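Keep the sequence and the 3D view open as you go.

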Amino acid sequence: MALRRPFTREQRATIVYGMVAFVVIIVVLQLWLLTASMNAFLGGDDSVIWPAAAASVLCLLLNLGLLRYLARMERTRS
Amino acid sequence: MAQDPRSAIDPQINTPGREGLTGTAPVNLYARPPNREQVTIAPDGKPMEMQPPWRRDFPIDALQDQYVERRDFMKFLVLTSGAFTTGQLWLAVQNWWRRRRGRPETRRIASVAELPPGEAQLFAYPGEHDACIVARLPDGELVAYRQKCTHLSCAVIPRIEDGTLHCPCHEGVFDLRTGRPLAGPPRRPLPRIALDVRGDDVFATDVEWRTS
């Protein structure tokens with residue numbers, strides 16, 4: 001059985017930097033999705049609305065997953 | 001400072017030239033090292049003794065400070081992500097509502113006799129607050145569009161002599177024959193009102209939303 005040690009402060013800082021980088025990319029992607037689907041909606045094109053909504057929900061779940069990982073990391077710190 | 005009970009045994013014996021003798025080892029030799037996670041590290045990484053007095057009085061751990069800042073920033077970003085998703089779902093609900101309403105009903109909006117070539121007239125379609133413009137081009141063709149500019153919803157003004165519709169708010173210009181943007185900030189064409197001429201009467205039958 002592998003020994004699970006809490007991360008050090010340096011490790012936690014590195015991990016949170018990496019996660020912030022991921023989340024920034026995902027949020028920018030969501031902003032683009034919202035802009036594009038708003039433009040399509042106002043132009044009467046409704047073919048992209050639901051796929052874009054599903055993609056946005058997926059992005060949010062991914063972000064929430066990362067946040068949950070962060071919370072778990074906080075709980076296991078020494 | 002708390003005294004180590006062992007230091008009281010023989011503090012004088014650890015004198016120069018007598019190191020290594022029994023009882024001369026430092027009293028904290030076997031003490032537990034401080035928890036590294038609890039050691040405060042200044043932003044420049046130098047020990048606390050080398051820091052200015054104000055920092056020694058109010059020490060803030062640089063690593064921990066960075067970590068908390070990034071963690072809170074990440075929480076804010078996830079909140080933003082939730083707001084974008086909410087907006088996306090709101091758009092989907094609006095779309096569902098628009099489809100549910102279906103096509104607007106056909107309605108008489110003008111008579112051909114009231115619109116000689118080069119003239120324009122306002123009307124409301126499909127709702128009473130949906131302002132639209134019907135114009136008759138110099139060659140006799142009838143065109144109708146919603147009056148809201150596709151940039152920020154200002155009312156567009158027909159300039160039939162120029163063959164354009166002008167938005168005075170941000171100098172947007174649309175082609176009167178097609179409704180497509182020619183200049184200024186608008187990127188989408190004006191929604192076109194489908195017309196049906198029956199005898200002398202002009203009927204609006206539908207609203208055609210367009211992206212290009």
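**Exercise 1.** Work out how helix 1 of chain A passes helix 2 of chain B, and in which sense they run.

*Solution.* Step one: helix 1 of chain A passes helix 2 of chain B in a left-handed crossing. A crossing is left-handed if the near helix is turned anticlockwise from the far one by less than a right angle, and right-handed if clockwise. Helices (H or I, at least four residues) and strands (E, at least two) are DSSP runs, numbered from the N terminus.

A note on the source: this is a predicted model, where local features need pLDDT of at least 70, side-chain atom pairs count only at pLDDT 80 or more, and totals for chains, interfaces and linings use all residues. Residues are numbered from 1 along each chain as its sequence is written, while chains are lettered from A and ligands numbered from 1 in the order in which they are written.

Step two: helix 1 (residues 9–42) of chain A and helix 2 (residues 62–101) of chain B have axes 9 Å apart and pack at about 20°. Axes are lines fitted to C-alpha atoms, for helices over the stretch in contact, and angles run from 0 to 180 degrees between N-to-C directions.

Step three: the two helices, helix 1 of chain A and helix 2 of chain B, are therefore roughly parallel (under 35 degrees; over 145 is roughly antiparallel, 65 to 115 roughly perpendicular and the rest oblique).

**Exercise 2.** Describe the side of chain A that touches chain B.

*Solution.* Start with the count: 39 residues of chain A are in contact with 29 residues of chain B (C-beta atoms, placed from the backbone, within 7 Å). Next, helix 1 of chain A gives the most to this side, with 22 residues.

**Exercise 3.** Which residues have the most contacts inside the largest nonpolar core?

*Solution.* They are Cys132(B), Val134(B), Ala144(B) and Tyr145(B), in a core of 19 residues. A nonpolar core is a set of buried Ala, Val, Leu, Ile, Met, Phe, Trp, Tyr and Cys residues joined through C-beta atoms within 7 Å; buried means that 20 or more other C-beta atoms lie within 10 Å of a residue's own. Finally, strand 3 of chain B supplies the largest share, 4 residues.

Methods:
Contact = placed C-beta atoms within 7 Å. Buried ≥ 20, exposed ≤ 12 C-beta atoms within 10 Å, placed from the backbone.
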